[in-house]
Amino acid sequence: MIYDFVVKNNKGEDVKLEKYKGKVLLIVNTATKCGFTPQYDGLEALFEKYHHDGFEILDFPCNQFANQAPENDQEIDSFCALNFGTKFDRFQKIDVNGENEDPLYTFLKKEEGGILGGKIKWNFTKFLIDRDGNVVKRFAPTTKPEKIEKDIERLL
């Protein structure tokens, strides 16, 4: 279950995902220098609109795709706050594939059933989680945040 995982926030502190129990989550691997980076605007708009209804976005920067997140965790946080005004939770930079893959992403990919080929193919892959902690849907990097809105509304 997703609530069994402990991840590190961008300050290096442990965060138990059970903290988000009962909320609808969108988990996203991100990068600051990606063609999809402008999706931060759409993500923040969704967060602002639905946060008070129990919606959270969990942002996991990842540098595995063409070195598109080379900064440290503090620099990434500053970049997102200054350029996109993001207020959702951001975590430590992680690997989403391979030998050093974060266990959370191993779980997400397994639960999603490999519909999109299992492996994370690029930055801004999104996983939608229901209030019970179930992986409901995976969205490709090309799926803009506003296209996910109806799915979020159904779960809220």
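Colleague: Where is the place of Cys34?

Modeller: Cys34 sits in the loop between β3 and α1 (39-50). Those labels come from DSSP: helices are H or I runs of at least four residues, strands are E runs of at least two, and both are numbered from the N terminus. By the way, this is a predicted model, so local features need pLDDT of at least 70 and side-chain atom pairs count only at pLDDT 80 or more, while totals for chains, interfaces and linings use all residues. Residues are numbered from 1 along each chain as its sequence is written, and side-chain values use heavy atoms, with hydrogens and water left out.

Colleague: Which residue does UniProt list for "active site"?

Modeller: The unreviewed UniProt entry lists Cys34 under that heading. Positions follow the numbering used here, feature names are shortened, and annotations may be inferred rather than shown by experiment.

Colleague: What makes Cys34 count as buried?

Modeller: Its relative accessibility is 8%. Buried means under 20% relative accessible area, exposed means over 50%, and partly exposed is in between (1.4 Å probe, protein chains only). So at 8%, Cys34 falls in the buried class.

Colleague: And which residues is Cys34 in contact with, leaving aside neighbours within four places in sequence?

Modeller: Gln68, Trp122, Asn123 and Phe124. Contact here means heavy atoms within 4.5 Å.

Colleague: What makes Lys87 and Glu44 a salt bridge?

Modeller: The rule wants a side-chain nitrogen of Lys or Arg within 4 Å of a carboxyl oxygen of Asp or Glu. Lys87 and Glu44 come in at 3.7 Å, N to O, so the pair passes. Lys87 is in the loop between α2 and β5 and Glu44 in helix α1, so the bridge ties together parts 43 residues apart in sequence. Lys87 is exposed at 56%, whereas Glu44 is buried at 6%.

Colleague: Which residues are linked with Lys87 in a network of salt bridges?

Modeller: Glu44 and Glu48. The closest N and O atoms of Glu48 and Lys87 are 3.3 Å apart. Glu48 itself is partly exposed, with a relative accessible area of 42%. Elsewhere, Arg90 and Asp59 meet in a salt bridge at 2.8 Å. Arg90 lies in strand β5 and Asp59 in strand β4, so that bridge joins parts 31 residues apart in sequence, and both residues are buried.

Colleague: Why is the aromatic pair of Phe60 and Phe91 called stacked?

Modeller: Rings of Phe, Tyr and Trp (its six-membered ring) pair if their centres lie within 6.5 Å; planes under 30 degrees apart count as stacked, over 60 as edge-to-face and the rest as tilted. Phe60 and Phe91 have 4.7 Å between centres and 10° between planes, so they pair and count as stacked.

Colleague: Then what makes the pair of Phe65 and Trp122 tilted?

Modeller: Their centres are 5.5 Å apart, with 45° between the planes. Phe65 is buried at 8%, while Trp122 is partly exposed at 29%.

Colleague: How many residues has the largest nonpolar core?

Modeller: It has 24, and Ile2, Ile27, Phe60, Tyr105 and Leu108 have the most contacts inside it. A nonpolar core is a set of buried Ala, Val, Leu, Ile, Met, Phe, Trp, Tyr and Cys residues joined through side-chain atoms within 4.5 Å. β3 (24-30), β4 (55-61), α3 (103-112) and β6 (126-129) each give two or more residues to this core, and the largest share, four residues, comes from α3.

Colleague: Which residues does Leu108 touch, not counting those up to four places away in sequence?

Modeller: Ile2, Ile27, Phe127, Ile129 and Val135. Apart from this core lies another of 22 residues, including Leu26, Tyr50, Leu128 and Ile152. In soluble globular proteins, nonpolar side chains tend to be buried together.
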